Amino acid sequence: MSPVYAQNNAHDNSITVFAAASLRDVLTEVAKIYEKNMKQRIHFSFAGSNVLAKQVVASDQADFYLSANQQWMDYVQEHKRIVDGTRQTIASNSLVIVAHTKSKVQLSKIEDLTQKDFRYFSMANPEAVPAGKYAKAYFENQKIWQQLVPKIAPSTNVRAALAMVESDPSVIGVVYKTDAATSKKTKIIFEIPADQMPHIEYSAAQIKRKKGEIKHNHFLRFLSNPKAQKIFAAHGFQPIAPSS
Amino acid sequence: MSESLLITLWITLKVATFSTLLVFIPGVLLGFYFERTHSRFAKFLSAVTILPMVIPPTAVGFILLKLFGYDGILGTWLSAMDIEILLTWKAAVIASAVMAFPIMVRTSKVAFEGVDQKLEAMARTLGYSRVQAFFKVALPLAFRGLLAAAILSFTRAVGEFGATVTVAGNIYGKTQTLSSAIYTAEQVGKENEAMVLIIISLALGFFAIFMTEMLSKKSSKYMRN
């Protein structure tokens, strides 16, 4: 670890990271190594990227923000809260359609979705949460969104959407592949091909603080470290070489 | 008022009304029991019924999701009878009823505290059974307080969010209530819409509390104090 570090962050040897709910498992694992190596504690706040972006802008609590899409990072940037030159893409993800392991719904092509017998289609809020927005864009592209609308059950974040599919076999839903990988009670019934949908990129940046701004971005650099990238890959993310 | 607003308001009132109906009778009976009995068992039971008030609503939601989920104790049983609960307005009723129950019990207990037990004792000496004394003496005398309890339970049900959104979801026209509509409007940046919903909530809440204040003002001359 860098010895400069402790001096620069004399007030409290910890950082606060606001991160998209879908990054929960991977970051918790990454944090263990980071905390050990850097002798610095990480406080996480996980929620939908949209909720976090608004909190980042409205408050002075976040040191880093990790968004599940570029749009909400743009929002934070428009509010001039990003430390210059720290914004970077850290990983990418893909979407899958999941059903309860007891569900009989099968899908060979996505257009069939409109004919399938299920009660609700669970997804993160398609108007606000990145996972939902990505999925909506894809379904619109496939021209099946309008037929799906009456069956949509929106959730506040992608993990809540998954929890609903886990609890009820009559509900299917769309979540990130990485979330589906964490669930024993659901199965993937369709993988949305990466070339048919917008790039799902996780964007990270250091946040400007009115007081107590940390003087380094070790955390962001650590995310592109091979050790961290290996953990991302193990969780099903596609790593991306950082731009900086 | 727009049509979508009316639908949300209608669902909210429907859910809150059914939850209040669901908790009213058990709440009154338990409130009476807790006021008149001081056994350890009563205290234990009282603590259990208060739990939803002191634990996070999201925890209640999660527990309900597990209970009513496919593998859950109640879920298995209900799905055998072909009854769908999750993501329906019934789930919203159950969640808000669980959250409103402690208020119903506590406020009923307070209502019975105000009833002079001597009057019940006198009724017993005049030949009333315990049950008769409850229905003909305690209940009528506590009536205002019990009505206030029902109103407070209703407002709790109207405001419930954490538990409801977990089991009933946030489906517009089906399970979206005032509180989840406010949350959604805020999420998607429709601030005007959120404001209108908030004003309705304020009006509803004010009216309810004002009613309970009026009820407590005119306490009967047969009440203690």
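**Interface of chain B and chain A**

I looked up the area buried between chain B and chain A in this predicted model, taking buried area as the accessible area (1.4 Å probe) that two parts lose on being put together, summed over both, and I noted about 1700 Å², of which carbon and sulfur atoms give 56%. On the side of chain B, the residues that lose the most area to chain A are Tyr70(B), Leu87(B) and Gln187(B), together 36% of what that side buries. Counting contacts (heavy atoms within 4.5 Å), I find 20 residues of chain B against 23 residues of chain A.

For my own record, the model is predicted, so that local features need pLDDT of at least 70 and side-chain atom pairs count only at pLDDT 80 or more, while totals for chains, interfaces and linings use all residues. Side-chain values use heavy atoms, with hydrogens and water left out, residues are numbered from 1 along each chain as its sequence is written, and chains are lettered from A and ligands numbered from 1 in the order in which they are written.

Arg119(A) forms a salt bridge with Glu84(B), with the closest N and O atoms 3.1 Å apart. Arg119(A) also forms a salt bridge with Asp168(A), where the closest N and O atoms are 2.7 Å apart. That pair links distant parts of the chain, 49 residues apart, since Arg119(A) sits in the loop between strand E5 (95-100) and strand E6 (120-124) of chain A and Asp168(A) in the loop between helix H7 (158-167) and strand E8 (171-176) of chain A.

Of the side of chain B that touches chain A, helix H3 (57-68), helix H8 (162-168) and helix H9 (178-187) each supply at least two residues, and H9(B) gives the most, with 4 residues.

**Helices of chain B**

Chain B has 10 helices and 0 strands, read as DSSP runs (helices H or I, at least four residues; strands E, at least two) numbered from the N terminus. The axes of H5 (residues 89-113) and H7 (residues 130-159) of chain B, lines fitted to C-alpha atoms over the stretch in contact, come within 8 Å and cross at roughly 145°, on the scale from 0 to 180 degrees between N-to-C directions.

Definitions and conventions:
A salt bridge is a side-chain nitrogen of Lys or Arg within 4 Å of a carboxyl oxygen of Asp or Glu.
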